[in-house]
Amino acid sequence: GARNEPKPVARVQGNLFGTRWSIVAEPDAHAPPPTAVPPPVGGRVASSYDAIDGSQGGGSDSSFSRCKATPRSAPSTAARKELCLVGYKANRFCLDSGPRVVSIAAPSVTEDGELECSCFPTENDGILAGGLTSARTGATPPPHVSSFKNRQPVWDERYEAYVLNFLGRVRVASVKNFQIVQTDNLASETLLQFGRVSSTVFTQDVQWPFSIVQAFGICLTSVATKLGVK
């Protein structure tokens, strides 16, 4: 029956041009918003998770109890907890757009994957918005907020294309492929990566400080339709 159907724990919602996305917890979710993937014992190796069917991505509002677009639920009077903000630099109307530029802001967590602050920011308080600005400009983020950017690919003369080293995890070139690193250390290890394996299948690898829900939501923004982003 309906009581046994899976309930979404979070929702991805974007603006008209797809340049800004918010990952928010569903107000009626029974479980609390998940915390970060704990660092693995003996090393910080990215963990691999199930591939995402790229044929089901898209739309400005996606629920991820399943990987497909769902109708927007009735608005709640209570402000929802904001798990993550994702920003894309608009480039669809530029003559020389280059690779995508992605900025991310998320609540800071401890090494144990717990929130530094006593509670999640909400979609109405604007706390993560300051972190998103910091990710774009390189400024210090607000307290208890962490900022991230995508590692920029480099031009390869042999292939005449921009390339990134995915260590064999990604097999097909795509503008949707990305690697996420800390804003203040762009040469640091990859914290989240996403890339195409076949025409409809992508792979996702994630580690601390992101949670599985945050990571999956970020990846959904990459495959969703964006009017202002190539």
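The structure is a predicted model. Its largest pocket has a volume of about 600 Å³. The second largest pocket holds about 300 Å³ of space.

**Largest pocket**
- The lining of this pocket has 30 residues, and those closest to the centre are Pro-153, Tyr-162, Val-163, Ser-174 and Val-175.
- Strand β10, residues 161–163, gives the most to the lining, with three residues.
- By class, the lining has 16 nonpolar, eight polar and six charged residues.

**Second largest pocket**
- Here 19 residues form the lining.
- Nearest the centre lie Ser-108, Ser-146, Ser-147, Phe-148 and Gln-182.
- Strands β7 (102–107) and β8 (145–150) each supply at least two lining residues.
- β8 gives the most, with three residues.
- The lining divides into nine nonpolar, eight polar and two charged residues.

**Surface patch and Leu-16**
- Leu-16, Phe-17 and Leu-227 make a nonpolar surface patch of about 330 Å².
- Leu-16 sits in the loop between β1 (10–14) and β2 (20–25).
- Leu-16 counts as exposed because its relative accessible area is 64%, and exposed means over 50%.

**Ser-199 and Ser-174**
- Ser-199 belongs to the loop that runs between β12 (192–196) and β13 (201–206).
- Its relative accessibility is 61%, so Ser-199 is exposed too.
- Ser-199 and Ser-174 are 25 residues apart along the chain, and 9.9 Å separates their C-alpha atoms.
- Ser-174 is also among the residues closest to the centre of the largest pocket.

Key: Residues numbered from 1 in each chain as written. Predicted model: local features only at pLDDT ≥ 70, side-chain atom pairs only at ≥ 80, totals over all residues. Heavy atoms only, no water. Patch = residues over 30% accessible without salt bridge, like charges linked within 9 Å, V, L, I, M, F, W, Y side chains within 5 Å. Areas by Shrake-Rupley, 256 points an atom, 1.4 Å probe, with all protein chains shown as cover. Salt bridge = Lys/Arg side-chain N within 4 Å of Asp/Glu carboxyl O. Helix = DSSP H or I, 4+ residues; strand = E, 2+ residues; numbered from the N terminus. Buried < 20%, exposed > 50% of the residue type's maximum accessible area, 1.4 Å probe, protein only. 1 Å grid on protein atoms, 1.4 Å probe; cavity = no way out; pocket = protein on both sides within 12 Å on 5 of 7 lines; lining within 4 Å. Points joined across faces, edges and corners; volume = space filled by probe spheres on them. Nonpolar A, V, L, I, M, F, W, Y, C, P; charged D, E, K, R; others polar.
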